[in-house]
Amino acid sequence: MGSWADGRGVLEGADVEVPVEVAASYRARTRGLLGRDGIVGALLLTPASGVHTFGMRFAIDVAYLSRDLTVLDVRTMRPGRLGRPRLRARHVLEAEAGALARWGVRRGVAVRVRVR
């Protein structure tokens, strides 16, 4: 996908289809999951190559995605942590801790985001 905009969609390519929020604007990426008690589905930050969990209320799974949405790495981060940026990452997918494993999102998997 060439150009992203804030909105909603569906994450495809894992074991299940998952609702996804797209955060493409600076404001939406900066806010991310801050101030929330959880998330239904996932949040795609684009462009992004790293994240932090300062001010978060819950642990998250983080998938670093390449330009073509192939998963480069997956990490679980507790609140108050600074994630190491991944040089080849162009997008970051965030979900509640444990969700990515349940959905089959792991290193090497190519996902798609169908925007509504």
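Arginine 57 forms a salt bridge with aspartate 37, and their closest N and O atoms are 2.9 Å apart. A salt bridge here is a side-chain nitrogen of Lys or Arg within 4 Å of a carboxyl oxygen of Asp or Glu. Arginine 57 lies in the loop between E3 and strand E4 (60-65) and aspartate 37 in the loop between H1 and E3, so this pair ties together parts that are 20 residues apart in sequence.

A word on the model: it is predicted, so local features need pLDDT of at least 70 and side-chain atom pairs count only at pLDDT 80 or more, while totals for chains, interfaces and linings use all residues. Residues are numbered from 1 along each chain as its sequence is written, and side-chain values use heavy atoms, leaving out hydrogens and water.

The structure holds 8 salt bridges, including these:

| Pair | N to O distance |
|---|---|
| arginine 36 and glutamate 21 | 2.9 Å |
| arginine 75 and aspartate 73 | 3.5 Å |

Are these residues buried or exposed? Buried means under 20% relative accessible area, exposed over 50%, and partly exposed in between (1.4 Å probe, protein chains only). Arginine 36 is buried at 19%, as is glutamate 21 at 16%. Arginine 57, at 53%, is exposed, and aspartate 37 is exposed at 64%.

Now to the sheet. Its 7 strands form an open sheet in the order E5-E4-E6-E3-E2-E1-E7, with mixed pairing. Strands (E, at least two residues) and helices (H or I, at least four) are DSSP runs, numbered from the N terminus, and two strands pair if DSSP finds at least two bridges between them. Strand E5 (71-77) and strand E7 (112-115) are the edge strands.
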